[in-house]
Amino acid sequence: MSNKLQLVENLDQRLVVEQYLNRIHPEPAVDESRIADLQAQIKRELQAKNAVIIAHYYTDPLIQALAEETGGIVSDSLEMARFGSQHDAETLIVAGVKFMGETAKILTPNKRVLMPTLEATCSLDVGCPADAFAAFCDQHPDRTVVVYANTSAAVKARADWVVTSSIALDVVEHLDSLGKKILWAPDKYLGSYVQGKTGADMLLWDGSCIVHEEFKAKGILDLKAVHPDAAVLVHPESPQSVIDIADAVGSTSQLIAAAVSLPQRKMIVATDQGIFFKMQQAVPDKQLLVAPTGGNGATCRSCANCPWMGMNSLDNLLSALRDGDGEIFVAPEVSALAMKSLGRMLAFREQQANR
Ligand code: SF4
């Protein structure tokens, strides 16, 4: 900055702006009695329909709490898939995004799988259309096709393996030890992270998560300067520059485990804010800080909220249960093929657990 131009740092400015925004866009008032009424209705429907809620860590904490209270589960996509396939309920209500409902249906074709909304998808799924992906695979017949769980059933059907972020490193390491060259899709950041860790020969599809891609190393380092005693927890769908400054990198479940095991009392968390519900349960005496996403010029302090996960609510969960809205169907031929690639992941996980 030249000597003639001076910028006076005034942090109160931000406070004034925040107060102004809170005034013109106040948080909607929480109607406790309406929430209690919805929860009671959902509980009745769960019993009447012999149904169980399977919720992802990124969904509304009200849904996560209800899933736990009613004998369901809150977890990452790998555990969601396993839990649904082993539970006795006739109906699975999957609160998350569409590929999670499809995965549940593929693993348990005899059960009814409902979702609060079928509109809830994922930028990784949308950015990897089945036809274009199949053509890409056809161009590289010498490669083993490994796809991330955040893909459509049709993309899984074209793959040799499906992986979640909690098992991706182990599967790729295993394939590399067998001398396999890998075609990876769709998340380029997770793919690049896995490649860096394993040294495997990997060809990457150019996809990304619009939530994790927004985390910025600069913003996190600025926050770390204010809280030098904080650990940085990062999901590997984030850019490499963010992964480079992390104290722990991992899937949602692995980040919760890291919050427990790391000695620091404060955590800067670079993933969707929905995870705070379960993470805070696991570390009630630690302080969780939202990692900034936008850098200095952003209009929000953190945009770490998946817009699709946010479409799940108590209202649409109730109507799905009551009226059968949002049922998931997967064509049998697609399902049979996708089951092979999913089955490899589940068998691999089972082998690991029995070692
Ligand atoms: S957070 Fe990202 S990866 Fe997860 S569902 Fe949303 S867009 Fe997809």
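Visitor: Which hand has the crossing in which α9 passes α10?

Guide: In this predicted model, local features need pLDDT of at least 70, side-chain atom pairs count only at pLDDT 80 or more, and totals for chains, interfaces and linings use all residues. Residues are numbered from 1 along each chain as its sequence is written. Helices are DSSP runs (H or I, at least four residues), numbered from the N terminus. A near helix turned clockwise from the far one by less than a right angle gives a right-handed crossing, anticlockwise a left-handed one, and that of α9 with α10 is right-handed.

Visitor: How does α9 lie relative to α10?

Guide: The axes of α9 (residues 168-177) and α10 (residues 188-198) come within 10 Å and cross at roughly 55 degrees. Axes are lines fitted to C-alpha atoms over the stretch in contact, with angles from 0 to 180 degrees between N-to-C directions. Under 35 degrees counts as roughly parallel, over 145 as roughly antiparallel, 65 to 115 as roughly perpendicular and the rest as oblique. So α9 is, relative to α10, oblique.

Visitor: Which residues of α10 does α9 meet?

Guide: Contact means C-beta atoms, placed from the backbone, within 7 Å. From α9, Ala168, Leu169, Val172, Glu173 and Asp176 take part; they meet Leu190, Val194, Lys197 and Thr198.

Visitor: Which residues come nearest to the ligand?

Guide: A residue is near a molecule if its C-beta atom, placed from the backbone, lies within 6 Å of it. Of the 15 residues around the ligand, those that come nearest are Cys122, Ser123, Cys209, Val211 and Cys306.

How values were computed. Helix = DSSP H or I, 4+ residues; strand = E, 2+ residues; numbered from the N terminus. Contact = placed C-beta atoms within 7 Å.
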